[in-house]
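Good morning, everyone. Please look at the screen while I talk.

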Amino acid sequence: MPDHAVAAAVIYAKDVARVGAFYAKVAGLTLSPPEPGYASLASPALQLFIVAMNPDIAARVQIAQPPVPREDTALKFIFPVASLAQARRLAAESGGALKPVAAEWEFNGHRHCDGHDPEGNVFQLRERAD
């Protein structure tokens, strides 16, 4: 874990271990050893914490299989990746999904694509455009 000030974010999850492993694999973040109730991931610029939902809230959250993207949120995290194609494969192997190639777009020198994690939390990945 970085010992200097970096940006940080929190995602609340029903299955902390699964969601933590997903972001480690798909977004290339380093996953610290597990702790009860949360997972810590990091890159040189970001700390991401996956925190267990309050049990009362978790009981009301239904996770479909496959997960339904929960797009009714005001925030979306964007992670840089070397390859959207590789990330698409890793996301599918890890219980989430990236939208198809036809849904990618270019903006600000990057190709972007939205996806969702195993619990339906929406995120975006971007790779440098050639």
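Let's start with a term. A salt bridge is a side-chain nitrogen of Lys or Arg within 4 Å of a carboxyl oxygen of Asp or Glu. Keep in mind that this is a predicted model.

Now, how many salt bridges does a search of the whole structure find? The search finds six. Take Glu 93 and Lys 25. Their closest N and O atoms are 3.6 Å apart, and the pair forms a salt bridge. Where do the two partners sit? Glu 93 is in helix H3, residues 84-93, and Lys 25 is in helix H1, residues 16-27. So this pair ties together parts that are 68 residues apart in sequence.

Glu 93 is partly exposed, at 47% relative accessibility. Lys 25 is partly exposed too, with a relative accessible area of 40%. For both, the value falls between the 20% and 50% cut-offs.

Glu 93 has another partner. Its side chain meets that of Arg 89 in a salt bridge, 2.9 Å from N to O. Here both residues lie in helix H3. They are four residues apart, about one turn of the helix. Arg 89 has a relative accessibility of 42%, so Arg 89 also counts as partly exposed.

Stay with the two helices. Two packed helices are described by the angle between their axes and the distance between the axes. For H1 and H3, the angle is about 160 degrees, and the axes are 9 Å apart. That makes H1 roughly antiparallel to H3, because angles over 145 degrees count that way. The crossing of H1 past H3 is right-handed.

Which residues meet there? From H1 come Phe 22, Lys 25 and Val 26. From H3 come Ala 87, Leu 90, Ala 91 and Glu 93. Notice Lys 25 and Glu 93 in those lists. They are the salt-bridge pair we began with.

Next, a salt-bridge network. Arg 88, Glu 104, Glu 106 and Arg 111 are linked by salt bridges. One of the links is Arg 111 with Glu 106, whose closest N and O atoms are 3.5 Å apart. Arg 111 is partly exposed, at 23% relative accessibility. Glu 106 is exposed, with a relative accessible area of 53%.

Now to the aromatic rings. How many aromatic pairs does a search of the whole structure find? There are four. In one of them, the rings of Tyr 23 and Phe 79 have centres 5.6 Å apart. Their planes are at 50 degrees, so the pair is tilted. Tyr 23 lies in helix H1, while Phe 79 lies in strand E5, residues 77-80. So that pair ties together parts 56 residues apart in sequence.

Ring pairs link Phe 22, Tyr 23, Phe 79 and Phe 123 into a cluster.

Key
Residues numbered from 1 in each chain as written. Predicted model: local features only at pLDDT ≥ 70, side-chain atom pairs only at ≥ 80, totals over all residues. Heavy atoms only, no water. Helix = DSSP H or I, 4+ residues; strand = E, 2+ residues; numbered from the N terminus. Buried < 20%, exposed > 50% of the residue type's maximum accessible area, 1.4 Å probe, protein only. Phe/Tyr/Trp six-rings, centres within 6.5 Å; stacked < 30°, edge-to-face > 60°. Axes fitted to C-alpha atoms, helices over the stretch in contact; angles between N-to-C directions. Parallel < 35°, antiparallel > 145°, perpendicular 65-115°, else oblique. Left-handed = near helix turned anticlockwise from the far one by under 90°. Contact = heavy atoms within 4.5 Å.
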